[in-house]
Amino acid sequence: MERILNYHITEDANSLRTEQYLRRRGFSYQNLAQLKKMPESILINGVWSYMRTPLHSGDILTVHIRETESSPNIPPVELPLDIVYEDEDIVVVNKPTGMPVHPSLNNYRNSLANALMYYYQQQGKPFIFRCTNRLDRDTSGLTVIAKHMVSSSILSSMTARHEIEREYLAVVRGSVVPSSGTIDAPIGRTGSSLIERKIDFEHGERAVTHYHVVKEENGHSLVSLILETGRTHQIRVHMKYIGFPLVGDYLYNPDMEYIQRQALHSCRLSFRHPITGKHMEFTADLPEDMDRIF
């Protein structure tokens with residue numbers, strides 16, 4: 001991918017070195033090291049410059065990002081791709097159930113990464129797959145992918161600071177009591193499985209989920225959940241912990257009467273754009289297999 005970023009230097013940045021200014025804009029040390037290796041990646045008022053060059057009020061700083069290689073070992077494959085939003089820095093996709101985010105031993109050619117690799121190959125653009133909020137294979141819904149190294153770094157930092165709000169919808173049996181609340185229970189490995197997780201107050205990592213019931217019909221409840229942390233299987237483990245495991249969850253509650261996968265959907269993403277700072281919010285309707293339970 002190729003991206004040109006222009007920054008108009010204001011009085012409050014006067015006399016800062018270029019590298020100091022870019023660090024304040026969210027560039028990582030790794031980003032700066034990579035930019036140093038790219039030809040004429042830093043220009044001040046159109047003139048090639050160094051990272052240590054001081055900036056002055058009124059200057060125009062141009063950062064030219066050139067990524068010429070694609071992710072290795074991700075073959076491009078033509079697959080259905082529901083792109084909700086795209087610009088020069090990010091792409092937001094509504095991922096279908098059954099599609100892994102990354103290729104793996106048994107899912108080498110049917111992942112979201114394969115689909116995006118094909119999408120950009122058709123445009124003649126190199127592409128490195130950098131997914132910000134990873135979803136389980138059978139969890140449907142919204143995920144955001146960075147299109148270049150700088151947007152990836154900034155989104156990762158925002159995730160670490162809990163600045164990306166992620167809302168999910170889940171289906172459980174019965175009436176959830178209480179109908180809203182916060183689950184604050186640490187999650188750790190089971191020890192017997194590479195993928196299964198459990199509540200572990202002794203060795204687990206802190207995990208916090210806020211929830212409320214949206215509706216209750218046909219003996220089931222539709223629950224909205226907002227993640228404060230992002231542990232593996234967090235919603236699935238937390239809902240089981242309070243006595244309301246997700247229906248269709250083969251790992252934690254193999255209740256397959258109405259649905260053949262965990263009834264979990266990433267329905268909303270809200271965050272500041274990593275480059276422009278503009279507030280962004282995206283939503284995705286409840287998929288048909290979850291909706292028909294009601």
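Colleague: Is Phe-129 buried or exposed?

Modeller: Phe-129 is buried, because its relative accessible area is 9%. Buried means under 20% relative accessible area, exposed means over 50%, and partly exposed is in between (1.4 Å probe, protein chains only).

Colleague: What kind of model is this?

Modeller: This is a predicted model, in which local features need pLDDT of at least 70, side-chain atom pairs count only at pLDDT 80 or more, and totals for chains, interfaces and linings use all residues. Residues are numbered from 1 along each chain as its sequence is written, and side-chain values use heavy atoms, with hydrogens and water left out.

Colleague: Back to Phe-129. Where is the place of Phe-129?

Modeller: Phe-129 sits in the loop between helix H3 (112–121) and strand S7 (130–131). Helices (H or I, at least four residues) and strands (E, at least two) are DSSP runs, numbered from the N terminus.

Colleague: Which residues does Phe-129 touch, not counting residues up to four places away in sequence?

Modeller: Ser-71, Ile-74, Val-101, His-102, Leu-112, Ala-113, Leu-116 and Ile-145. Contact here means heavy atoms within 4.5 Å. Phe-129 and Ile-145 are 16 residues apart in sequence, with their C-alpha atoms 7.3 Å apart in space.

Colleague: And H3? How many of its residues are buried?

Modeller: Seven of the ten residues of H3 are buried, so the helix counts as mostly covered. The buried ones are Leu-112, Ala-113, Asn-114, Ala-115, Leu-116, Met-117 and Tyr-120.

Colleague: What covers the buried residues of H3?

Modeller: The cover includes strand S5 (83–86), strand S6 (90–95) and strand S8 (140–146).

Colleague: Let's zoom out. How many helices and strands are in the chain?

Modeller: Six helices and 16 strands. The C-alpha atoms fill a box of roughly 65 × 40 × 35 Å along the principal axes. The chain has 294 residues, and 50% of them are buried.

Colleague: What share of contacts joins residues at least 24 apart?

Modeller: The share is 65%, among contacts between residues at least 6 apart in sequence.

Colleague: What does UniProt place at residues 89–240?

Modeller: The UniProt record, an unreviewed entry, has the feature "domain: Pseudouridine synthase RsuA/RluA-like" there. UniProt positions are given in the numbering used here, feature names are shortened, and annotations may be inferred rather than shown by experiment. In the model, that span is 19% helix and 35% strand, and its end C-alpha atoms lie 37 Å apart.

Colleague: Now the core. Which residues in the largest nonpolar core touch the most other members?

Modeller: Tyr-7, Tyr-21, Leu-22, Phe-27, Leu-61, Val-63 and Phe-271, out of 35 residues in that core. Helix H4 (residues 149–160) gives the largest share of this core, five residues. A nonpolar core is a set of buried Ala, Val, Leu, Ile, Met, Phe, Trp, Tyr and Cys residues joined through side-chain atoms within 4.5 Å.

Colleague: What does Leu-22 touch?

Modeller: Leaving out residues up to four places away in sequence, Leu-22 touches Tyr-7, Phe-27, Leu-32, Ile-42, Met-51, Leu-61 and Val-63. Apart from this core lies another core, of 31 residues, including Met-1, Leu-112, Met-117 and Met-239.

Colleague: Switching to charges. How many salt bridges does the structure hold?

Modeller: The structure holds 19. A salt bridge is a side-chain nitrogen of Lys or Arg within 4 Å of a carboxyl oxygen of Asp or Glu. One of them pairs Glu-163 with Arg-272, with the closest N and O atoms 3.1 Å apart. Glu-163 is in the loop between H4 and strand S9 (165–173), while Arg-272 is in strand S15 (residues 264–272), so this pair links distant parts of the chain, 109 residues apart.

Colleague: How exposed is Glu-163?

Modeller: Glu-163 is partly exposed, at 32% relative accessible area. Arg-272 is also partly exposed, at 40%.

Colleague: Are Arg-236 and Asp-249 buried or exposed?

Modeller: Both are buried. Their side chains meet in a salt bridge, 2.7 Å from N to O. Arg-236 lies in helix H5 (residues 234–241) and Asp-249 in the loop between H5 and S15, so the pair ties together parts 13 residues apart in sequence.

Colleague: Which residues are linked in a network of salt bridges?

Modeller: Glu-165, Glu-167, Arg-268 and Glu-281.
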